Amino acid sequence: MSHKPDWIRTATDFGPPLIFGLTYFITKDFMKATVAIVIASAIALTAAWLIQRRFALLPALAAGAAILFGALTLIFQDETILKLKVTIMN
């Protein structure tokens, strides 16, 4: 039985929001930060599956919501859509 490093789960859970925050802090551009969170969420979901061979329910829902709301934000060019994600998820 191989043991997976504990940091993997933390990285896949908290990486996308951290990437969003850093991108926004650096660029001051909400749409660029939205692209970053969509890409980071997709990578996190893929990494979680490849490494753990399963999806943890809440992180998977959060990543799916980030991808969905982020994509809608980019399509409609309306940052309010992504901001609603936090309210809906809570």
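Okay, let's start at Gln77, which is exposed, with a relative accessible area of 54%; exposed here is over 50%, buried is under 20%, and partly exposed is in between, with a 1.4 Å probe and protein chains only. Gln77 sits in the loop between H3 and H4, and its phi is near 50°, a positive value in a residue other than glycine. Most residues other than glycine have a negative phi.

Quick housekeeping: this is a predicted model, where local features need pLDDT of at least 70 and side-chain atom pairs count only at pLDDT 80 or more, while totals for chains, interfaces and linings use all residues. Residues are numbered from 1 along each chain as its sequence is written, and side-chain values use heavy atoms, with hydrogens and water left out.

Helices, by the way, are DSSP runs of H or I with at least four residues, numbered from the N terminus.

Lys28 also has a positive phi, about 60°, although it is not a glycine. You'll find Lys28 in the loop between helix H1 (6-27) and H2, and Lys28 is exposed at 56% relative accessible area.

Now the helix pair. The axes of H2 (residues 30-52) and H3 (residues 57-76) come within 9 Å and cross at roughly 145°. Those axes are lines fitted to C-alpha atoms over the stretch in contact, with angles running from 0 to 180 degrees between N-to-C directions. The crossing is left-handed, as in the near helix being turned anticlockwise from the far one by less than a right angle.

Who meets whom? On the H2 side we have residues including Phe30, Ile37 and Leu45, and on the H3 side, among them, Ala60, Ala66 and Leu74; contact means heavy atoms within 4.5 Å. By class, that's 13 nonpolar, four polar and no charged residues.

On to the largest nonpolar core, 10 residues in all, among them Phe20, Ala33, Phe69 and Leu82. A core like this is a set of buried Ala, Val, Leu, Ile, Met, Phe, Trp, Tyr and Cys residues joined through side-chain atoms within 4.5 Å. H2, H3 and helix H4 (80-89) each give two or more residues, and H2 has the largest share, four. Leu82 touches Phe20, Phe30 and Phe69, among others, not counting residues up to four places away in sequence.

How many salt bridges does a search of the whole structure find? One, taking a side-chain nitrogen of Lys or Arg within 4 Å of a carboxyl oxygen of Asp or Glu. The side chains are those of Lys83 and Glu79, at 2.8 Å, N to O. Lys83 is partly exposed at 45%, and Glu79 is partly exposed too, at 32%.

How values were computed
Ala, Val, Leu, Ile, Met, Phe, Trp, Tyr, Cys and Pro count as nonpolar, Asp, Glu, Lys and Arg as charged, and the others, Gly among them, as polar.
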